[in-house]
Amino acid sequence: MKNIKLSELFDVQIGLVVSRKAVDFTEQSNNINYSKYKVLSLKSFLEDNTISADFFNEIYTENIMDEKYLTKENDIIVRLINPLKSFVVTKDLENIVVPSQFVKLRNNKSSNILSEPVINEYVSIFLNTFSNTKKMQQYKKEDTWLVNSIKQSTISDIDIPVINLEKQKEIVEFYKLLNKEIKLYKSLIEKKEEFYKSFLQNLIGEK
């Protein structure tokens with residue numbers, strides 16, 4: 001099985017230090033032509049490695065944001081704060097500012113000349129299971145894991161196993177099914193907890 005480094009597949013871009021671009025916005029600023037952007041936050045990463053827009057932050061800037069700091073469909077966004085998590089950007093999550101707690105992986109030209117294509121969803125799944133591997137433990141021992149965060153260079157250096165396209169698709173479909181089942185089980189548990197709480201409250205309230 002062939003391995004390939006993330007830096008060979010993607011342009012690895014660290015996110016924006018938001019404080020360098022954000023400006024204070026007050027009612028007195030309404031006559032100034034500021035640009036408004038939504039910003040990805042650590043809270044917006046959910047347990048199932050999906051993104052919730054409910055937890056986006058907002059900023060105003062004096063100038064149009066550089067495209068390299070904005071999400072684009074099919075980008076992979078990787079969280080640098082422990083635990084390592086990632087997701088693939090969908091059309092509805094484009095043009096969100098990526099802050100410095102994340103890196104953005106965007107397909108580069110070399111990804112188009114591989115004999116075996118690599119699906120971004122497969123890469124994201126690999127990254128979401130990578131933090132528990134022996135390789136990540138090795139990175140920690142080498143002091144590349146600092147203050148519970150991962151260096152951009154560490155992400156660039158990660159080796160991705162290149163497997164055949166059909167196998168990648170199988171893994172992606174299996175992962176989607178797994179997440180769907182987990183959500184259903186969690187929902188069932190929550191409903192049962194509410195039922196039992198209500199049942200106990202009724203028992204306690206009986207005379």
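Figure 1. Lys85 is buried, with a relative accessible area of 17%; buried means under 20% relative accessible area, exposed over 50%, and partly exposed in between (1.4 Å probe, protein chains only). This is a predicted model, in which local features need pLDDT of at least 70 and side-chain atom pairs count only at pLDDT 80 or more, while totals for chains, interfaces and linings use all residues. Residues are numbered from 1 along each chain as its sequence is written, and side-chain values use heavy atoms, with hydrogens and water left out. Lys85 belongs to strand S6 (residues 85-88); helices (H or I, at least four residues) and strands (E, at least two) are DSSP runs, numbered from the N terminus. Apart from neighbours within four places in sequence, the contacts (heavy atoms within 4.5 Å) of Lys85 include Phe45, Glu47, Val78 and Asn128.

**Figure 2. The largest nonpolar core.** A nonpolar core is a set of buried Ala, Val, Leu, Ile, Met, Phe, Trp, Tyr and Cys residues joined through side-chain atoms within 4.5 Å. The largest one has 28 residues, and Leu6, Leu105, Val123, Leu127 and Ile155 have the most contacts inside it. Among the elements that give two or more residues to this core are helix H1 (6-9), strand S7 (102-107) and helix H2 (120-130). H2 gives the most, with six residues.

**Figure 3. Ile155 and its contacts.** Leaving out neighbours within four places in sequence, Ile155 touches Leu6, Val78, Leu80, Leu84, Val103, Leu105 and Ile150. A second, separate core of eleven residues includes Phe45, Ile51, Ile96 and Val98.

**Figure 4. Helix H2.** Nine of the eleven residues of H2 are buried, so this helix is largely enclosed by the rest of the structure. Among the buried residues are Asn120, Tyr122, Ser124 and Phe130.

**Figure 5. The lining of the largest pocket by residue type.** The lining divides into seven nonpolar, seven polar and six charged residues. Here Ala, Val, Leu, Ile, Met, Phe, Trp, Tyr, Cys and Pro count as nonpolar, Asp, Glu, Lys and Arg as charged, and the others, Gly among them, as polar.

**Figure 6. Lys151.** Lys151 lies in the loop between strand S9 (149-150) and helix H4 (152-157). Lys151 is partly exposed, with a relative accessible area of 38%.
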